[in-house]
Amino acid sequence: MKGTYDVLPERRAAWLRLRDATDRVLGRAGVREIVTPVFEHSEVFDKSVGESADLVVQKEMYRFEDRGGRSLTLRPEFTAGVLRAYVEHGMHTRPSPVKLWSLGPAFRAENVQRGRFRQFHQVNCEILGRPGPLVDAEAIALLHDLLAELGLSGLRVALGSVGDPEDRDAYNAYLRDALTPYENDLSETSRERLRLNPMRVLDSKDEGDQALLADLDKPLDRLGDAAREHLDGVARTLEAWGISFDLAPAIVRGLDYYRRTAFEIHAEGIGAQSALAGGGRYDGLVASLGGPPTPGIGWALGVERVLDAMEAAGTLPASEPGPDLFLVPMDERAIGEAAALARTLRSELHVEHAYVRRAPGKGLRDADRAGARWAALRGERERERGVWTLKHLARGEQLEVDEAALAAAVLED
Ligand code: HAM
């Protein structure tokens, strides 16, 4: 279906690897998994991402009424729902920082293109309760280490800051003043952004827009002292930890809840939608969702994009191994015998079988196509002696084995 992504069985190994790496890398840093619903009351998003120009202007949220007439929204991202759960379960009373990760689908009614889906998946990570730059560096390092664990090296972090709220307001006012005289020369999206959130104009892909922006100050040029000091702290820590990054003077994120640190990780060779992951600090967001004032920082990576990047880098795991044993019935009676034996052996082994009578050659071909290690054949001759003819598919070696000894023979090799 347009804008969605089917995970076929062949891709399962790659998904498992990603989930497993997330659990291991983040788990070792004390980040624990939280599962929240795919929909929330619409207020949750209105109070968090609701202001965001992109989501509103482009009507990107899937919103509907349930049968009781309440407005619900499919999550366009995880942060709002995770923070709603943090507040609802009083998690601010736990030792801080509280570190939470999630993996699952998110929904945005976007214009579909390569790497941009309407239902996509994210690995999301939030660290709540600590305001200092060390936590920002930890969040970025965890993302970096996870991508490295998946075999993606040589990625550069783009690190910037959108400043404190007063810096943002001042910068937005500056940009509005500077661009309004040229409003008619801007692209349509940028004109909308100029009205709702001028900073977002910086993210325009339009060449004309970029020419107008070229000589203007960027957010990083106009940071207040506190935000500047914070950014320096993050940068110093990343340097000390050997994580390379580029300072990105004009980094602006599509969501508006960020304060101070904002970052993205891009990959080459996966097309225009090159952002693998992005995130930043969002002090103030927990409070706007009805919780106590709580600083926080987090990120999300796009699973489909990361898998694409792994494919480009040749680090996708091969598909999963086939059965240990494939049973080939050579006469009608053996079909039922194969099915019954498979059931028993499955307590120890991965066993598949043919569902129709097969001549030996065809049966072995079936076993080979299934990716089996061993095949066992049964016909009249084997039945009389209570055995199966066991054949190792790669080595060609063949032996007769008592039915009761089959599992042991396969397990041995
Ligand atoms: P985001 O930058 O909107 O941030 O999304 C993070 C990542 O999700 C993107 O870098 C991209 O890889 C992937 N992504 C986003 N939209 C799509 C799409 N339509 N199709 C495919 N992949 C997509 C957030 O969502 C923030 N909640 C991150 C965060 C967590 N900030 C703080 N905590």
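**Notes on rings, cores and a hairpin**

1. Let's start with a charge and a ring: Arg222 lies over the face of Tyr174, 3.6 Å from the ring centre. Keep in mind as you look that this is a predicted model.

2. Next, rings with rings. How many aromatic pairs does the structure hold? There are 5 aromatic pairs. One of them is Tyr5 with Phe117: the ring centres are 5.4 Å apart and the planes stand at 70°, so this pair is edge-to-face. The angle is what decides the label, because planes over 60 degrees apart count as edge-to-face.

3. Tyr5 belongs to the segment before helix H1 (12-27), while Phe117 is in the loop between strand S5 (98-107) and strand S6 (119-128), so their pairing ties together parts 112 residues apart in sequence.

4. Tyr5 has a relative accessible area of 21%, and is partly exposed.

5. Tyr257 sits in the loop between strand S8 (245-247) and strand S9 (261-266), and Tyr282 in the loop between strand S10 (275-281) and helix H10 (285-288), so to speak linking distant parts of the chain, 25 residues apart. Both Tyr257 and Tyr282 are buried.

6. On to the inside. The largest nonpolar core has 47 residues, and Leu159, Trp299, Leu301 and Val306 touch the most other members. Helix H5 (residues 133-149) gives the most to this core, with 9 residues. A second, separate core has 43 residues, including Val82, Leu83, Ala248 and Tyr282.

7. Which residues does Leu301 contact, once neighbours within four places in sequence are left aside? Among them are His121, Gln122, Val123, Leu143, Leu146 and Leu147, as well as Leu276, Ala277 and Val306.

8. Last, a hairpin. Strand S15 (residues 387-392) and strand S16 (residues 398-402) run antiparallel and are joined by 5 bridges. Leu390 has Leu399 in S16 as its bridge partner. The hairpin has 5 residues between the strands, and Gly396 takes a positive phi near 80° there.

Key. Residues are numbered from 1 along each chain as its sequence is written. This is a predicted model: local features need pLDDT of at least 70, side-chain atom pairs count only at pLDDT 80 or more; totals for chains, interfaces and linings use all residues. Side-chain values use heavy atoms; hydrogens and water are left out. Two strands pair if DSSP finds at least two bridges between them. Helices (H or I, at least four residues) and strands (E, at least two) are DSSP runs, numbered from the N terminus. A nonpolar core is a set of buried Ala, Val, Leu, Ile, Met, Phe, Trp, Tyr and Cys residues joined through side-chain atoms within 4.5 Å. Buried means under 20% relative accessible area, exposed over 50%, partly exposed in between (1.4 Å probe, protein chains only). Contact means heavy atoms within 4.5 Å. Rings of Phe, Tyr and Trp (its six-membered ring) pair if their centres lie within 6.5 Å; planes under 30 degrees apart count as stacked, over 60 as edge-to-face and the rest as tilted. A charge sits over a ring if NZ of Lys or CZ of Arg is within 6 Å of the ring centre and within 35 degrees of the ring normal.
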